[in-house]
Amino acid sequence: MPTGHGDWIRYIFAIDKRTMYTQPELNELAEAIKLSPENVTLRFLLIKKLQFYPEYRQQLEDNLNALLQYSPQHSDAKEILAKLYFDKGKVSAAIIIAEELLQDNNLSLEGQIILAKSYLAEEDTFRARELYQKVLTQDPDMSDPTLDNEFRVKVDGPGVEEILAQSMFLEKPKINFSDVGGLDHVKKEIDLKIIKPLEHAELYAQYGKKVGGGILLYGPPGCGKTYLAKATAGEINAGFINVGLNDILDMYIGNSEKNLHAYFEEARANKPCVLFFDEIDALGAKRTDLRQSAGKNVINQFLAELDGIESDNEGVLIIGATNSPWHIDSAFRRPGRFDRIIFVPPPDVESKEEILKIALREKPNDSIDYKKVSKTLADYSGADINALVDIATESKLVEAMETGVPQPIRTKDLLAASKHHKASTIDWFTTAKNYAMFANQSGLYDSILAYLDKK
Ligand SMILES: Nc1ncnc2c1ncn2[C@@H]1O[C@H](COP(=O)(O)OP(=O)(O)OP(=O)(O)O)[C@@H](O)[C@H]1O
Ligand SMILES: [Mg+2]
C-alpha cells in the first residue's frame with residue numbers, strides 16, 4: 001500500500017493506466033508487434049502498459065530485451081529495465097544500467113530513487129544517502145518510505161526543523177576500521193586523539209587533560225578520507241553526520257550560520273556522534289564577492305562552534321576532510337580546533353591488496369593473484385580500485401548475458417580492466433608538490449614530501 005504523498009500519486013496513476021487497457025487489447029498490441037518486431041514505438045507502447053501488470057513481468061522483460069536490440073540507446077526502456085531488475089532482486093544489474101543513465105542525465109527522479117534504493121540494498125549507504133538527498137532537494141515530494149526510514153532524522157528542537165528535515169541525515173555506519181585497508185598510522189591517530197578521550201573521559205579529567213578539537217584529514221581524492229571518518233563512527237558504534245560545506249554555502253546563502261549551528265546541535269543531541277565536515281576548504285577557498293561576505297560569518301560561526309563556546313562538544317567527534325589544505329585559514333589550526341592534520345596517502349601495495357580483497361569479497365571470484373594485480377596499480381586510489389573491480393564486473397556481466405554462463409572474476413580480468421582506468425591521484429600530487437616545496441609553513445606538508453621521496 002502506498003504511504004507517502006508521492007507514492008499515492010504514482011499508485012493512482014498506475015491504477016488509471018491499468019483500467020485503460022484490457023487483456024484483449026494487450027494481446028492485440030502483442031500480435032501487431034509480432035508482425036513488425038522492429039517497430040520500436042509500438043513495442044514501447046506495449047512495454048509502458050505491461051509495467052503496470054506484475055503478472056506480466058516476464059513478457060515485460062522479453063519485450064525490453066527485444067526493444068533494446070533494435071534500439072540500444074533507448075533510455076526510457078533502459079530505465080524500466082533497471083526498475084524491473086531491482087524488483088527482481090538483480091540489484092547490481094539495476095545499478096549498472098541506472099548509473100549509466102544518470103551519467104548521461106537520462107535518469108528520471110523516480111529512476112534515481114530506484115538507484116538510491118539499489119545502493120541501499122547493496123549496503124552502499126553513502127551513495128544511497130547522497131543520491132536521495134539530491135533527489136529531495138530537486139523535489140521534496142519524491143520521498144520514499146524505505147529511504148526515509150533509513151536516513152531521516154527526527155528532530156524536536158525548535159527553530160531548526162525545516163532545514164533539518166530537508167537536509168540532514170544521521171547515519172549509523174556499519175563499517176569499522178577493519179573495512180579500511182592500510183592507513184594504520186591514521187587509524188592510530190584517530191584512536192588516540194578522539195576515540196580514547198571519549199572512552200576514558202574520567203581519566204583524562206583526572207589528569208587535567210583537556211579534550212576537544214578535531215582531526216583534519218587531507219590528501220588526494222578517493223583515498224579513504226570520508227570512508228575512514230565513517231568507519232570511525234562504526235568503530236565505536238556512534239552516529240555519523242556528513243556535512244558537505246559546499247552544499248551549505250551554495251543552497252542557503254544567508255542561512256549558512258543557522259544551518260551550521262543546527263548540525264552541531266544535532267550531533268550534540270545524538271552523542272556519541274562523528275560530525276564530519278567534508279570539503280572544509282570551502283570555508284577558506286577564494287570565493288566570489290558575494291560568497292566572501294557570507295564566508296566570513298560562517299567561518300566565525302564555525303570556529304565558535306568548534307570551540308564549544310556556547311555549548312559543550314563532549315561526545316562529538318569532529319573530523320574534517322579536504323583535498324586542498326593550502327586553502328584553509330590558519331585560524332582553524334589553533335589548539336583545540338583542528339590541531340591534528342593528517343595526510344591520507346594513496347594505498348601502498350599491501351593496502352591495495354587489502355582494498356582489492358574487500359572490494360571483491362562479495363563477488364564471485366576465483367584464485368586471484370592479489371599481489372600481482374596490486375603491483376600493476378601504480379598511483380591508484382581506493383576509489384580507483386573500486387572502479388577497476390566495477391569494470392571487471394561489468395565485462396563479466398556482459399559475457400554472462402552473451403553466453404548464458406556466469407563466470408567468476410579472475411586475475412586476467414582485473415589486469416585487463418586496469419588498462420581501461422587511469423589513476424586519479426597523479427594530478428593532485430603535481431599541485432601538492434608545489435605547495436609542499438614552496439609554501440610548507442612549519443613543516444605542515446612534510447608527509448607529502450616524505451611520501452614522494454619514498455615513491
Ligand atoms: N583504505 C581503503 N580501504 C578500503 N576502501 C577504500 C580505502 N580507500 C578508499 N576506499 C574506497 O574508495 C571509496 C572512496 O573513498 P573516499 O570517498 O573515502 O575517498 P576520499 O578520500 O573521501 O575522496 P574525496 O577527496 O574525493 O572526497 C570508498 O568508498 C571506499 O570504498
Ligand atoms: Mg570524501
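A: Helix α21 passes helix α22 in a left-handed crossing; left-handed means that the near helix is turned anticlockwise from the far one by less than a right angle, and clockwise would be right-handed. Helices (H or I, at least four residues) and strands (E, at least two) are DSSP runs, numbered from the N terminus.

Q: Is this a predicted or an experimental model, and how are things numbered?

A: This is a predicted model, where local features need pLDDT of at least 70, side-chain atom pairs count only at pLDDT 80 or more, and totals for chains, interfaces and linings use all residues. Residues are numbered from 1 along each chain as its sequence is written, while chains are lettered from A and ligands numbered from 1 in the order in which they are written.

Q: OK, back to α21 and α22. What angle do they pack at?

A: Helix α21 (residues 426–438) and helix α22 (residues 446–454) pack at about 120°, and their axes are 9 Å apart. Axes are lines fitted to C-alpha atoms, for helices over the stretch in contact, and angles run from 0 to 180 degrees between N-to-C directions. That angle makes α21 oblique to α22, since under 35 degrees counts as roughly parallel, over 145 as roughly antiparallel, 65 to 115 as roughly perpendicular and the rest as oblique.

Q: Which residues meet there?

A: From α21, F429, A432, K433 and A436 meet I448, L449 and L452 of α22. Contact here means C-beta atoms, placed from the backbone, within 7 Å. By class there are six nonpolar, no polar and one charged. Ala, Val, Leu, Ile, Met, Phe, Trp, Tyr, Cys and Pro count as nonpolar, Asp, Glu, Lys and Arg as charged, and the others, Gly among them, as polar.

Q: And how do α6 and α7 cross?

A: The axes of α6 (residues 91–103) and α7 (residues 109–121) come within 9 Å and cross at roughly 140°. That makes α6 oblique to α7. The crossing is left-handed, and the contact has 10 nonpolar, three polar and one charged residues.

Q: Where's the cis peptide bond?

A: It runs from K271 to P272, with omega near 0°. P272 lies in the loop between α15 (256–269) and β4 (273–278).

Q: Now the ligand. How many residues surround ligand 1?

A: There are 20 around ligand 1, and the closest are P221, G224, T226, Y227 and G382. A residue counts as near if its C-beta atom, placed from the backbone, lies within 6 Å. The elements giving two or more residues to this shell are α13 (225–235), α17 (349–360) and α19 (382–403).

Q: What classes are in the shell, and which domains does it draw on?

A: The shell around ligand 1 has 10 nonpolar, nine polar and one charged. Domain 2 (170–343) and domain 3 (349–418) each give at least three residues to the shell; the domain bounds come from an automatic or database domain assignment.

Definitions and conventions: Two residues are in contact if their C-beta atoms, placed from the backbone, lie within 7 Å.
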